[in-house]
Each structure stands twice: as structure tokens, then as C-alpha cells.
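Reader: I have just opened this model and would like to talk through how it is put together. Could you take me through it step by step?

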Amino acid sequence: MGDASTGTWSARLVAYPEDVSWRSRSVPPVWVAALVGAVLVGIFAGAAFLSWLPVVLAIVVLLTFVIQLSLQRKDGLVNRIIASIGGSLALLAVATVVLLLLNPGSLDSLGA
């Protein structure tokens, strides 16, 4: 471990908030896009929402890569991508459950 007299602790304390600020600027826009996409699918797709939610996920994945690669910052890239896609996947999973509860007959159309 480090010693406060050598400056090791201060370097660690400065590096962590900087990483969080990059994450806080690049991850939530992807989550907002997933939430907006899920709401739009819920409004406009009706019982066919199970066909459209994967399209929203594909758009979110592409948006994640566009945002993360436009930052031109390699530190924490994988963590930011995981946070963006993982959070979006969780939001879309919750949206799927909610929409299934609102449209219980939508599962019947999958077999047809």
C-alpha cells in the first residue's frame, strides 16, 4: 500500500473521481435512450412489443459504441461499455415484464 508522504494516496484519490466523471457523462445517455425506446415501443408497438424490444437493444449497443469510441479515452472503456449495455439490458428486461403484464396475450403471437 501507499504512504501519504510519498503522494501515492493522493494519486489514487484523484484518479478515481475522474473515472467516475467520465462514466457519469457517457453511460446515462445510453440508459435514457433505452428507456425512451422502451416507452415508444410500449406506446406504438402494442402486442408486437416482443419483436421491437430487441431492435431497441441493438440500437442501444450501437449507440454505446458510438459514444464510447467518440470519447477517445481507453481507460475504463470496457467498464463503461459493460455499464451502458448492462444497465440498458436491465431496463429493457423490466420493460418487457411490464409490457407482458399489460399485454398478456402477446405471448400467443410468438407461436403463430
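This is a predicted model: local features need pLDDT of at least 70, side-chain atom pairs count only at pLDDT 80 or more; totals for chains, interfaces and linings use all residues.

Reader: Which residues does Ser-88 contact, leaving aside its neighbours within four places in sequence?

Author: One hint comes from Val-32, which is 56 residues from Ser-88 in sequence but 8.4 Å away in space, C-alpha to C-alpha. With neighbours within four places in sequence left aside, the residues in contact with Ser-88 are Val-30, Trp-31, Ala-34 and Val-60.

Reader: How do α2 and α4 run relative to each other?

Author: Helix α2 covers residues 28–44, and its axis comes within 9 Å of the axis of α4. The two axes cross at roughly 20 degrees, and angles under 35 degrees count as roughly parallel. The crossing of α2 past α4 is right-handed. By the angle, α2 and α4 are therefore roughly parallel.

Reader: Which residue classes make up that contact of α2 with α4?

Author: From α2 come Val-30, Trp-31, Ala-34, Ala-38 and Gly-42, and they meet Ala-83, Ser-84, Gly-87, Ser-88, Leu-91, Leu-92, Ala-95 and Leu-99 in α4. Sorted by class, the contact of α2 with α4 has nine nonpolar, four polar and no charged residues.

Reader: And how do α3 and α4 run relative to each other?

Author: Helix α3 spans residues 49–70 and helix α4 spans residues 77–102. Their axes come within 10 Å and cross at roughly 165 degrees, where angles over 145 count as roughly antiparallel. Helices α3 and α4 are therefore roughly antiparallel.

Reader: How many nonpolar, polar and charged residues are in the contact of α3 with α4?

Author: On the α3 side the contact includes Phe-49, Leu-53, Val-60 and Phe-65, and on the α4 side it includes Arg-80, Ile-81, Ser-88 and Leu-92. The contact of α3 with α4 divides into 15 nonpolar, five polar and one charged.

Reader: That leaves α2 with α3. What is the handedness of their crossing?

Author: The axes of α2 and α3 are 9 Å apart and the helices pack at an angle of about 160 degrees. These two helices are therefore roughly antiparallel. The crossing of α2 and α3 is right-handed.

Reader: Which residues make that contact, and how do they divide by class?

Author: Helix α2 brings Pro-29, Val-30, Ala-33, Ala-34, Gly-37, Ala-38 and Val-41, while α3 brings Phe-49, Trp-52, Leu-53, Val-56, Val-60, Leu-63, Thr-64 and Ile-67. The contact of α2 with α3 divides into 13 nonpolar, two polar and no charged.

Reader: Now the loops. Is Val-27 buried or exposed?

Author: Val-27 lies in the loop between α1 (8–26) and α2. Among its contacts beyond four places in sequence are Arg-80, Ala-83 and Ser-84, and its C-alpha atom is 8.6 Å from that of Gly-87, 60 residues apart along the chain. With a relative accessible area of 2%, Val-27 is buried.

Reader: And Gln-72, is that residue buried or exposed?

Author: Gln-72 is found in the loop between α3 and α4. Its phi is near 55 degrees, a positive value in a residue other than glycine. Exposed means over 50%, so at a relative accessible area of 73% Gln-72 is exposed.

Reader: To finish, what percentage of the protein's residues are buried?

Author: The protein exposes about 7,200 Å², and carbon and sulfur atoms supply 73% of that area. Of the contacts with a separation of 6 or more, 67% involve residues 24 or more positions apart. Among the 112 residues in the protein, the buried share is 23%.

Key. Residues are numbered from 1 along each chain as its sequence is written. Side-chain values use heavy atoms; hydrogens and water are left out. Axes are lines fitted to C-alpha atoms, for helices over the stretch in contact, and angles run from 0 to 180 degrees between N-to-C directions. Helices (H or I, at least four residues) and strands (E, at least two) are DSSP runs, numbered from the N terminus. Angles under 35 degrees count as roughly parallel, over 145 as roughly antiparallel, 65 to 115 as roughly perpendicular and the rest as oblique. Contact means heavy atoms within 4.5 Å. Ala, Val, Leu, Ile, Met, Phe, Trp, Tyr, Cys and Pro count as nonpolar, Asp, Glu, Lys and Arg as charged, and the others, Gly among them, as polar. Buried means under 20% relative accessible area, exposed over 50%, partly exposed in between (1.4 Å probe, protein chains only). Accessible areas come from the Shrake-Rupley method with a 1.4 Å probe; for residues, only the protein chains shown count as cover. A crossing is left-handed if the near helix is turned anticlockwise from the far one by less than a right angle, and right-handed if clockwise.
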